Amino acid sequence: MRTPYEDELSEFEHALIGMTRQVNTAMQDATTALLTADLQLAERVIANDQHIDQVNAELEDSAMNLIALQAPVASDLRMVLSGLRIAGSLERMGDLATHVAKAARLRYPQSAIPAELAPTITAMGEVAERIVERTGEVLGHHDVVAAADLRVIDDEMDRLHRELFHQVLSDQWSHGVEAAIDVTLVSRYYERFADHAVTIGKRVVHIATGAPYDSTHR
């Protein structure tokens with residue numbers, strides 16, 4: 001028979017997985033708003049970020065209650081403490097999606113992305129979707145192998161990030177400084193989004209194996 005303590009731990013973990021779905025939706029919608037200059041969609045992403053923040057705050061309260069009242073040990077303690085950090089990473093991923101949406105809002109009714117860069121931004125959005133979906137799977141199954149896959153997906157995002165930089169810095173760039181800044185910032189938001197997913201994967205490895213958390217990117 002499951003105990004209330006086990007139920008609390010399960011709810012805590014399921015809330016983290018739910019955050020990955022919220023973050024995924026936020027970045028998908030932000031990418032669409034950016035590419036189509038959809039002001040209404042951008043505003044929705046920005047407004048909905050408060051829901052992600054609220055889940056993060058609730059998870060902090062849940063973690064404190066679990067520690068204070070249940071005194072978890074071993075893997076349970078790693079789950080709670082690392083879960084706090086994971087929730088923080090997911091909250092920041094939501095913020096990054098919001099930054100993309102704000103870039104769309106800032107340049108409305110124009111697109112912040114020149115037409116020739118739209119395929120690259122589209123690809124970055126698709127990579128962001130894949131990496132956060134895999135993050136949810138890693139969390140749900142404590143899958144150490146899948147956690148390593150996050151780095152492979154992140155490498156793809158890094159490649160796209162470099163590709164945009166090369167395009168902005170090329171002699172063929174004709175859109176001026178303001179557009180260059182927009183593209184550079186947006187690209188950085190996607191790159192940091194993927195980095196946070198890798199960080200979450202490392203924390204899942206720590207939860208699953210007890211191995212020390214590796215704070216380095218590689």
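Arg130 is partly exposed, with a relative accessible area of 36%, where partly exposed lies between buried (under 20%) and exposed (over 50%), computed with a 1.4 Å probe on protein chains only. The model is predicted, so that local features need pLDDT of at least 70 and side-chain atom pairs count only at pLDDT 80 or more, while totals for chains, interfaces and linings use all residues. Residues are numbered from 1 along each chain as its sequence is written, and side-chain values use heavy atoms, with hydrogens and water left out.

**Helix H4**

Arg130 lies in helix H4; helices here are DSSP runs (H or I, at least four residues), numbered from the N terminus, and strands are E runs of at least two. Leaving aside neighbours within four places in sequence, Arg130 is in contact with Ile153 and Glu156, contact meaning heavy atoms within 4.5 Å. Arg130 and Ile113 are 17 residues apart in sequence, and their C-alpha atoms are 22 Å apart in space.

H4 covers residues 118-141, and its 24 residues should span 34 Å at 1.5 Å a residue; the end C-alpha atoms are 35 Å apart, which agrees. The expected span is 1.5 Å times one less than the number of residues. The buried residues of H4 are Thr120, Ile121, Met124, Gly125, Val127, Ala128, Ile131, Val132, Thr135, Gly136, Val138 and Leu139. Their cover includes helix H1 (4-36), helix H3 (74-107), helix H5 (144-169) and helix H6 (176-209). His142 follows H4 and has a positive phi, near 50 degrees.

The 34 residues of H6 should span 50 Å at 1.5 Å a residue, and the end C-alpha atoms are 50 Å apart, which agrees. Two packed helices are described by the angle between their axes and the distance between the axes. The axes are lines fitted to C-alpha atoms, for helices over the stretch in contact, and the angles run from 0 to 180 degrees between N-to-C directions.

The axes of H4 and H6 come within 10 Å and cross at roughly 15 degrees. That makes H4 roughly parallel to H6, since angles under 35 degrees count as roughly parallel, over 145 as roughly antiparallel, 65 to 115 as roughly perpendicular and the rest as oblique. The crossing of H4 and H6 is left-handed, that is, the near helix is turned anticlockwise from the far one by less than a right angle. On the H4 side, the contact is made by Ile121, Met124, Gly125, Ala128, Ile131, Val132, Thr135, Val138 and Leu139. On the H6 side, the residues are Val186, Ser187, Tyr190, Phe193, Ala194, Ala197, Ile200 and Val204.

H1 and H6 pack at about 160 degrees with their axes 13 Å apart, and are therefore roughly antiparallel to each other. Their crossing is left-handed. Val23, Met27, Thr31 and Leu34 of H1 meet Val186, Tyr190 and Phe193 of H6.

**The nonpolar core**

A nonpolar core is a set of buried Ala, Val, Leu, Ile, Met, Phe, Trp, Tyr and Cys residues joined through side-chain atoms within 4.5 Å. The largest one has 66 residues, of which Leu34, Tyr190 and Phe193 touch the most other members. H1, helix H2 (39-70), H3, H4, H5 and H6 are the elements that give two or more residues to this core. H6 supplies the largest share, 13 residues. Beyond its neighbours within four places in sequence, Leu34 is in contact with Val100, Ala103, Ala104, Ser111, Ala112, Ile113, Ile121, Val186 and Tyr190.

**Three further residues**

His196 has its place in helix H6, Asn56 in helix H2, and Gly210 in the segment after H6. The table gives the accessibility of each.

| Residue | Relative accessible area | Class |
|---|---|---|
| His196 | 9% | buried |
| Asn56 | 10% | buried |
| Gly210 | 33% | partly exposed |

Not counting residues up to four places away in sequence, His196 touches Ser89, Arg92, Met93 and Leu96. With neighbours within four places in sequence left aside, Asn56 is in contact with Met19, Ala87, Gly88 and Glu91. On that basis, Gly210 is in contact with Arg78 and Val205.
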